[in-house]
Amino acid sequence: MVSAQDRRWLAAAARLADLRARPLSRPNPGVGAIIVADGRVVARGWTQAGGRPHAEAIALAAAGTAARGATMYVSLEPCAHISARGPSCADLTAASGLARVVVGCGDPDPRTAGSGIARIRAAGITVDQADCPMAHQSLAGYLMQRTAGRPHVTLKLALSLDGCIAMASGESQWITGPEARAHTHLMRARSDAILVGGGTLRADAPRLDVRLPGLESQSPQRWVLTHGAVPEGWRALPAPDAIHGVMPHVQYLFVEGGAGAAAAFVAAGLVDRLLIYRAPIIIGGGRPGIADIGLSRLADAHGQWRFVRSQRLGNDGLEVYDRSPCSQASSPP
């Protein structure tokens, strides 16, 4: 039985992974683990840079003998497969002396998928699995790669109140203020790869790096949506559907520039999250934020997106939307 308190601990483990492991854990998933005894945290861990050590190994090593009789909350089912890089987390957990393990999300990797939980239970440890929304959210990129063979895609749009990304002349620096731009750089740092359209690359020659103090080294891979040649240090994506299979180590793709690129990904049904930064300005007659997506009926535009949250960033606003489940089910493969 999973209690409300269990779910709070699971959510804390998932947030730990989301804030500390992403995206440095690639190509492994970013996992969080918290060990609790008598209502007190005795250890915690998250997947380290490069994918090892895993979160459970870090937490169990930190807990030592305090793990005996305690409960471990872990956002993803402990791995069960043998690796040259270290023992399986299921084996480490089975030998830990823990009384209980609570798992926030099962692992779709066929090398683990249920066998990690089974191995821990075989050692006499109680294992409960919860359907934890925060765990699924923190693992969105990993789960998307495992189930669909592509990254989780976030589309960012910086718009005026009337939906423009630039003046008619193309001038776009800056639509939003410094706080919103800093937030965009944080989102870059949390992504494995960033993509713009060919027109944006030619017109703006964007750097697409992270310019936040202390996070400069987390600048993502640079991709451009084009069939042509690309500058040194860039990679070409010929079409949105090509993300299937060609980005095996990219869990999170950030699509940032160009109305054409934005429209192409939306029309292909490949945008999972929308970040809309909205500035309190009216341009009038400017360039629209997104090009034609081939919509023939207004009714087809409804039910595609689910509001998640909003926040203020200086004088600008940020709205976050996820694709609705029904929209995901009907999207192109």
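What follows is a short report on the confidence, fold, cores and salt bridges of this model.

**Ground rules and confidence**

This is a predicted model, in which local features need pLDDT of at least 70 and side-chain atom pairs count only at pLDDT 80 or more, while totals for chains, interfaces and linings use all residues. Residues are numbered from 1 along each chain as its sequence is written, and side-chain values use heavy atoms, with hydrogens and water left out.

The confidence score, pLDDT, is the predictor's own confidence in each residue, from 0 to 100. The chain averages 91 on this score, and 97% of the residues reach at least 70. Confidence is highest in strand S3 (residues 71-74), with a mean of 98, and lowest in helix H11 (residues 325-329), with a mean of 61. Over residues 329-333 the pLDDT stays under 50, and the model has 5 contacts for this stretch beyond four places in sequence; a contact here means heavy atoms within 4.5 Å. Where pLDDT is low, the predicted coordinates should not be read in detail.

**Overall build**

The chain holds 11 helices and 15 strands. Helices (H or I, at least four residues) and strands (E, at least two) are DSSP runs, numbered from the N terminus. Along the principal axes, the C-alpha atoms fill a box of roughly 70 × 45 × 40 Å.

Of the 333 residues, 51% count as buried. Buried means under 20% relative accessible area, exposed over 50%, and partly exposed in between (1.4 Å probe, protein chains only). Among contacts with a separation of 6 or more, 73% come from residues 24 or more positions apart.

**Two nonpolar cores**

A nonpolar core is a set of buried Ala, Val, Leu, Ile, Met, Phe, Trp, Tyr and Cys residues joined through side-chain atoms within 4.5 Å. The largest one has 43 residues, and Ile35, Met72, Leu98 and Val101 have the most contacts inside it. Helix H1 (residues 4-20) gives the most to this core, with 6 residues.

What does isoleucine 35 contact beyond its neighbours within four places in sequence? Its partners include Val41, Val42, Ala59, Leu60, Met72 and Leu98, and also Arg40 and Thr71. A second, separate core has 24 residues, including Val153, Leu159, Ala262 and Ile276.

Helix H10 is worth a look too. Its buried residues include Ala259, Ala262, Phe265 and Val266. Glycine 269 follows H10 and has a positive phi, near 70 degrees.

**Salt bridges**

Side chains of opposite charge can pair when their charged atoms come close. A salt bridge is a side-chain nitrogen of Lys or Arg within 4 Å of a carboxyl oxygen of Asp or Glu, and a search of the whole structure finds 17 of them.

| Arg partner | Asp partner | N to O distance |
|---|---|---|
| Arginine 119 | Aspartate 91 | 3.2 Å |
| Arginine 100 | Aspartate 128 | 2.9 Å |
| Arginine 150 | Aspartate 272 | 2.9 Å |

The pair of arginine 119 and aspartate 91 links helix H4 (residues 115-122) with helix H3 (residues 89-94), 28 residues apart. Arginine 119 is partly exposed at 32% relative accessibility, and aspartate 91 is partly exposed at 38%.

Arginine 100 lies in strand S4 (residues 100-103) and aspartate 128 in strand S5, so this pair ties together parts that are 28 residues apart in sequence. Arginine 100 is buried, at 17%, and aspartate 128 is buried at 15%. Salt bridges that share partners join Asp6, Arg100 and Asp128 into one network.

Arginine 150 sits in the loop between helix H6 (140-148) and strand S6 (152-159), while aspartate 272 sits in the loop between helix H10 (259-267) and strand S12 (273-278), 122 residues apart. Is this pair buried or exposed? Arginine 150 is buried at 6% relative accessibility, and aspartate 272 is buried at 4%.
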